[in-house]
Amino acid sequence: MEIIIQDTLDLYKEMLNLQEGERSEFFSGVLLKPFNRMFEIMHMPKTPEAMGCIQLSGRDSKMIEMLEKLEKTDARNNAKRTIEAAAARFEKACIPLPEKVVVGIFLGNPEFLAMFEGYTGMGSIPGYILIMIDPNEKNLPKLNACIAHEFHHNVLFHNAEWDFMTDVTVGKYLAVEGLAESFAASMFGEEYIGPWVTGVQGADLETARGIISKSLDVRGFMEVRKYIYGKHPMMPETQDFGMPFCGGYAVGYHAVQGYLRKTGISIEKATILDGDEIMKASGYFEN
C-alpha cells in the first residue's frame, strides 16, 4: 500500500504569503487537490467552513502558531509511522487494504472544534484521511490515535459490501465507530481515546445505551446519524431527541469492547465482520 502524507504545513506557509483574496483558490485548488475525488464522492464543498478548518483571512498569527506546534511534534512523520504500523497489523491478519492512502493534516477552526478537544478527522472514503486540529498540549498526544481511527475506517469501508447511505443501520454505524476507536486504543492505549468516547460517561452513557438498545435496526443514514452524533449544533433535528452529544460513539466503543472480550477475536478480524451481529453478540444491550 502506498502512503502519501501531504506536506500541508509547507503549503499553509505558502498560502500565508498570498494576498487574502487569493487564498481561497489556493486552498481548494492546491491544498485540497489530492482529495478532489473524495470531495466528489461526498458531494462536499471544498471550503474551510465545510471541513471545520480555520478561516483563511484574519487569523494569520494563529495559523503560524498552529503550524509551529505541529512541526515541533513532527506530526507529518508521525502520521506516516502510524499508518505504516496500522497497515502492518492488517496485513498480518490478511485483511485487504486500499492500494493508496493520502493523509492531510489541516488547521482546524478553534471555535468549531472546541467540543472535540480541538481535533477531529474524516476517513470513511477509502484512500483518503483528513485530520483537522487546533493543536494543544491535550490533543497533540492523541493525534496519532485519531489517525489510526480514521485509517481503520479506510480499511473497514474498503472491505464493506453495503451502502453507507441506504444500508447502514444503527448497529452497523455503532460498530464502525466502536471498532475504529477500539483499534486506536489497541495501538496507543485507552488513555489516548478521543473525547467522542470519554465525554460520555455515567448517567449520560446509560441514557445513550437505553435509547440505542431499542433502535439497533433503524436504517438509513439520515435517520441513523442522530443516534450516533446525539445533540449536535449542526443537526437541528437532534436537539430534542434526548441523545447525549456523541452518545453513539461511546456506546459503540463500549459495545465493541464487550464483544472483543466475550469472543476473544482480534480487532483486525472483527473489522470485516457484520456490525449488526457484533452489536447483538456484544452483550452490551442485555441489561
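Helix 6 (residues 75-92) and helix 8 (residues 143-159) pack at an angle of about 45 degrees, with their axes 9 Å apart; helices here are DSSP runs of H or I of at least four residues, strands are runs of E of at least two, and both are numbered from the N terminus. The axes are lines fitted to C-alpha atoms, for helices over the stretch in contact, and the angles run from 0 to 180 degrees between N-to-C directions. Helix 6 and helix 8 are therefore oblique to each other, given that angles under 35 degrees count as roughly parallel, over 145 as roughly antiparallel, 65 to 115 as roughly perpendicular and the rest as oblique. Helix 6 passes helix 8 in a right-handed crossing, a term used if the near helix is turned clockwise from the far one by less than a right angle, with anticlockwise giving left-handed.

On the side of helix 6 the contact is made by Ala75, Asn78, Ala79, Thr82, Ile83, Ala86, Ala87 and Phe90, and on the side of helix 8 by Leu143, Asn144, Ile147, Ala148, Phe151, His152 and Val155, where contact means heavy atoms within 4.5 Å. These residues divide into eleven nonpolar, four polar and no charged; Ala, Val, Leu, Ile, Met, Phe, Trp, Tyr, Cys and Pro count as nonpolar, Asp, Glu, Lys and Arg as charged, and the others, Gly among them, as polar.

This is a predicted model, in which local features need pLDDT of at least 70 and side-chain atom pairs count only at pLDDT 80 or more, while totals for chains, interfaces and linings use all residues. Residues are numbered from 1 along each chain as its sequence is written, and side-chain values use heavy atoms, with hydrogens and water left out.

## The whole protein

The protein contains 16 helices and four strands. Its radius of gyration is 19 Å, close to the 19 Å that the globule rule gives for 287 residues, so the protein is as compact as a globular protein of that length; the radius is taken over C-alpha atoms, and the rule is 2.2 Å times the number of residues to the power 0.38. Taken along the principal axes, the C-alpha atoms fill a box of roughly 60 × 45 × 35 Å. Of the 287 residues, 54% count as buried, which is to say under 20% relative accessible area, whereas exposed is over 50% and partly exposed lies in between (1.4 Å probe, protein chains only). Among contacts with a separation of 6 or more, 72% are between residues 24 or more positions apart.

## Helix pairs

| Helix pair | Angle between axes | Distance between axes |
|---|---|---|
| Helix 6 and helix 8 | about 45 degrees | 9 Å |
| Helix 10 and helix 13 | about 50 degrees | 9 Å |
| Helix 1 and helix 2 | roughly 155 degrees | within 10 Å |

Helix 1 (residues 8-16) and helix 2 (residues 20-31) cross at roughly 155 degrees, and they are therefore roughly antiparallel to each other. Their crossing is right-handed. Thr8, Leu11, Tyr12, Glu14, Met15 and Leu16 in helix 1 meet Arg23, Phe26, Phe27, Val30 and Leu31 in helix 2, and by class this contact has eight nonpolar, one polar and two charged residues.

## Helix 13 and its surroundings

Seven of the nine residues of helix 13 (residues 221-229) are buried, so this helix is largely enclosed by the rest of the structure. The buried residues are Phe221, Val224, Arg225, Lys226, Tyr227, Ile228 and Tyr229, and they pack against helix 9 (164-167), helix 10 (170-188), helix 12 (202-213) and helix 14 (247-263).

Helix 10 packs against helix 13 at an angle of about 50 degrees, which makes helix 10 oblique to helix 13. The crossing of helix 10 and helix 13 is right-handed. Val170, Tyr173, Leu174 and Glu177 in helix 10 meet Phe221, Val224, Tyr227, Ile228 and Tyr229 in helix 13, a contact with eight nonpolar, no polar and one charged residues. Just after helix 13, glycine 230 takes a positive phi of about 65 degrees.

## Two single residues

Glycine 104 lies in strand 2 (residues 100-107) and is buried, with a relative accessible area of 0%. Leaving aside neighbours within four places in sequence, glycine 104 is in contact with Gln6, Thr8, Phe35, Ile129, Leu130 and Ile131.

Lysine 46 is found in the loop between helix 3 (36-42) and helix 4 (48-51), and is partly exposed, with a relative accessible area of 28%. Lysine 46 and phenylalanine 27 are 19 residues apart in sequence and 8.2 Å apart in space, C-alpha to C-alpha. Apart from neighbours within four places in sequence, the contacts of lysine 46 are Phe27, Ser28, Leu32, Asn36 and Phe39.
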